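Please read them with the structure open.

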Amino acid sequence: MGTYKYSAEFQADAVALPRSSGRPVSRVAAELGVNHETLRQWIKAADEAARPEAVAESAKDAEIEALRKQVRELEMERDILRRAAKYLRARRTGEPLRVRCRPPWRLRQRLCTVLNLSRSGFYRWQKTAPARAAKQAANAALTRRTRKVHEQSGKTYGAKRITAELRANGLVVNRNAPND
């Protein structure tokens, strides 16, 4: 069953018929070939349009609701940014965190929206965090060993000699470079 688009003139005439004739809405609707609930809705809309104060009230209510929604969103974004700042400050200073490790799903979704990130990218980043941490720790250990070898040489060894020394000690470095 399809929907029909009636002209404004037809709707106005249909609304005037039950008012002027005194016949029930269902009978007028049947005579016009319109669903009686559709005709009732047209009459209701015409009554609302006749009362300008009702239109003004509904417009004000809609605007107030839209502003309340915007305020809720802004408050949520502010809360997200405050938590992120607290987390980053604690991470930088080394103080213990008192922030939940896993924010609820809606908060994570909102955080992605605020920071203009895709949720799939966030979850990929979250999933690969342990691998990144392990790689970072391995790089830090290699840096410490490299500095130690450089210090022991009296700061005279360059990159080639340090690489040779590390390889001699069984550490694989510069794996793409040929062994000399």
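**Notes on helix packing and salt bridges**

1. Start with helix 6 (residues 119-127) and helix 7 (residues 129-152). Their axes come within 4 Å and cross at roughly 45 degrees. Angles under 35 degrees count as roughly parallel, over 145 as roughly antiparallel, 65 to 115 as roughly perpendicular, and the rest as oblique. Axes are lines fitted to C-alpha atoms, for helices over the stretch in contact, with angles from 0 to 180 degrees between N-to-C directions. Helices are DSSP runs (H or I, at least four residues), numbered from the N terminus.

2. A word on the basis. This is a predicted model, in which local features need pLDDT of at least 70, side-chain atom pairs count only at pLDDT 80 or more, and totals for chains, interfaces and linings use all residues. Residues are numbered from 1 along each chain as its sequence is written, and side-chain values use heavy atoms, with hydrogens and water left out.

3. Which residues of helix 6 meet helix 7? Trp 125, Gln 126 and Lys 127 do, against Ala 129, Pro 130 and Arg 132 of helix 7. Contact here means heavy atoms within 4.5 Å. By class, this contact has three nonpolar residues, one polar and two charged. Ala, Val, Leu, Ile, Met, Phe, Trp, Tyr, Cys and Pro count as nonpolar; Asp, Glu, Lys and Arg as charged; the others, Gly among them, as polar.

4. Now helix 1 (residues 8-21) and helix 3 (residues 36-50). Their axes come within 9 Å and cross at roughly 90 degrees. The two helices are therefore roughly perpendicular to each other. Helix 1 contributes Phe 10, Gln 11, Ala 14, Val 15, Pro 18 and Arg 19 to the contact, and helix 3 contributes Leu 39, Trp 42, Ile 43, Ala 46 and Asp 47. Eight of these residues are nonpolar, one is polar and two are charged.

5. There are five salt bridges (a side-chain nitrogen of Lys or Arg within 4 Å of a carboxyl oxygen of Asp or Glu). One of them joins Arg 40 to Glu 37, with the closest N and O atoms 3.5 Å apart. Both residues lie in helix 3, three residues apart, about one turn of the helix. Arg 40 is partly exposed at 38% relative accessible area, and Glu 37 is partly exposed at 40%. Buried means under 20%, exposed over 50%, partly exposed in between (1.4 Å probe, protein chains only).

6. Lys 155 and Glu 151 also form a salt bridge, at 3.7 Å from N to O. Lys 155 is exposed at 54%, while Glu 151 is partly exposed at 47%.
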